[in-house]
Amino acid sequence: MTSEESLTNKLLLLYLLENAETPMGDTKLHKLAFLSERNMNFQAEKGFNYNFIKLEWGPFSTDLKKDIDELVNLGLISRVVHSPTDRGRFILSTFNNILQRNSSFLDKIQKVNRDYAHLERDELVKIVHDMENPEKPWTTIHNTPKGKYILKRLNYALDDKIFQLTEDEIASLEIYFDQELFDSLVASLEEAKCKPAVVL
Amino acid sequence: MILYELYITEKAQKQLDKLKKKAKIRWDAIQELLKKMREDPFIDTLELQDPLFKKLRRAKTEDDRIFFQICENCRSNSTIMKLRQCIDCADIPENGIKIFETDVRNNVYDKHKKR
């Protein structure tokens, strides 16, 4: 996965949690991200970039799980039952221009949240199980063997609409999604206010 | 051609010193980058636009990143000057570049030693 894809995933994940307006655990978050990506892929929109397999509780993505853990460790979303922290919201407001520019991706997330975020986890799992498998539409997710792919991320194609990030936005997001670098850079800028630099 | 003069914060200097001791190949790559920055800091570097780090520039080697400010750019923008407030601003010439950060954390050893 490219840095651009990874940063897009994290930004959209934060947005999904903020827009849902309800804290949720890993299982529910997986379903909502799956449904959002499925709707994006149907429209050939490359937003979320996760591969999902079918497990006991429905769609599961190893990369999504890693991102959730990373956002928790970065202090951007709360642990166990997830919702954005103040720092997570700070990132969303800082990069609001990126989100607004890519509003068609947000529309998909908003619709999924409107339709499904209010449901109890078990109810949502049942609904998703009864849906057709996007990779094999002649069968349902329920009837798909465990461990099989049910949604694959889009590869770059000329006719895909891609979540747009500029080079400088990628550079900035790399800092904001790297707490150690972010803190170090802030500390360096603060140091410059009280300590003179030396000639190199 | 007027060359830019490089200034570096104590913190960034320590990061570079550490790299010199432990990862000479990466240090050499940064020296090459600094040489290019002296000649033209706009080439192969990009300017950050987010509110907190606005106008800082980033240069990259294969493994490491440098974050710096071109002083004349800072001085031409009062918002940025208020944000930076470098204590030594008056002592740094117009053709100065200040290096704030050399992000060299990632496993401070060379990946491939030259044989």
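Biologist: How many bridges join S8(A) to S1(B), and which way do the two strands run?

Modeller: This is a predicted model, so every value here is computed from it. Two bridges join S8(A) to S1(B), and the strands run antiparallel. A:Val198 stands opposite B:Ile8 in S1(B).

Biologist: Which sheet holds S8(A)?

Modeller: An open sheet of six strands, in the order S8(A)-S1(B)-S5(B)-S4(B)-S3(B)-S2(B). The pairing is mixed.

Biologist: Why are S8 of chain A and S2 of chain B said to stand at the edges?

Modeller: Each has a single partner strand, so one side of each is left without a neighbour in the sheet. In S3(B), B:Arg57 is the bridge partner of B:Glu47.

Biologist: Which helices lie across strands of this sheet?

Modeller: Helix H1 of chain B lies across S8 of chain A together with S1 and S5 of chain B. H1(B) runs at about 55° to S5(B). Helix H2 of chain B lies across S1, S3, S4 and S5 of chain B, at about 130° to S1(B).

Biologist: How many residues does each chain give to the contact between the chains?

Modeller: Chain B gives 30 residues and chain A gives 22. On the side of chain B, S5(B) supplies the largest share, five residues. By class, that side divides into 13 nonpolar, four polar and 13 charged residues.

Biologist: What makes S4 and S5 of chain A a pair?

Modeller: Again, at least two bridges are needed. S4(A) and S5(A) have two, and they run antiparallel. A:Glu132 stands opposite A:Thr140 in S5(A). With two residues between them, the strands form a hairpin.

Biologist: Which residues meet where H1(A) passes H8(A)?

Modeller: A:Ser3, A:Glu4, A:Leu7 and A:Leu11 in H1(A) meet A:Ile170, A:Leu173 and A:Glu174 in H8(A). By class, the contact has four nonpolar, one polar and two charged residues.

Biologist: Which residues of H8(A) are buried, and what covers them?

Modeller: The buried residues are A:Glu169, A:Ala171, A:Ser172, A:Leu173, A:Ile175 and A:Tyr176. The cover includes helices H1, H4, H5 and H9 of chain A, together with strands S2 and S3 of chain B.

Biologist: How do you know whether A:Glu21 is buried or exposed?

Modeller: Count its neighbours. A:Glu21 has 10 other C-beta atoms within 10 Å. A residue is exposed if the count is 12 or fewer, so A:Glu21 is exposed. A:Glu21 lies in the loop between H1 and H2 of chain A.

Biologist: Why is B:Lys55 called partly exposed?

Modeller: B:Lys55 has 18 C-beta neighbours inside 10 Å. Buried needs 20 or more and exposed needs 12 or fewer, so B:Lys55 falls in between. B:Lys55 lies in the loop between S2 and S3 of chain B.

Biologist: What is the phi of A:Glu21, and of B:Lys55?

Modeller: Phi of A:Glu21 is near 55°. Phi of B:Lys55 is near 75°. Most residues other than glycine have a negative phi.

Definitions and conventions
Residues numbered from 1 in each chain as written. Chains lettered and ligands numbered in written order. Predicted model: local features only at pLDDT ≥ 70, side-chain atom pairs only at ≥ 80, totals over all residues. Helix = DSSP H or I, 4+ residues; strand = E, 2+ residues; numbered from the N terminus. Contact = placed C-beta atoms within 7 Å. Axes fitted to C-alpha atoms, helices over the stretch in contact; angles between N-to-C directions. Nonpolar A, V, L, I, M, F, W, Y, C, P; charged D, E, K, R; others polar.
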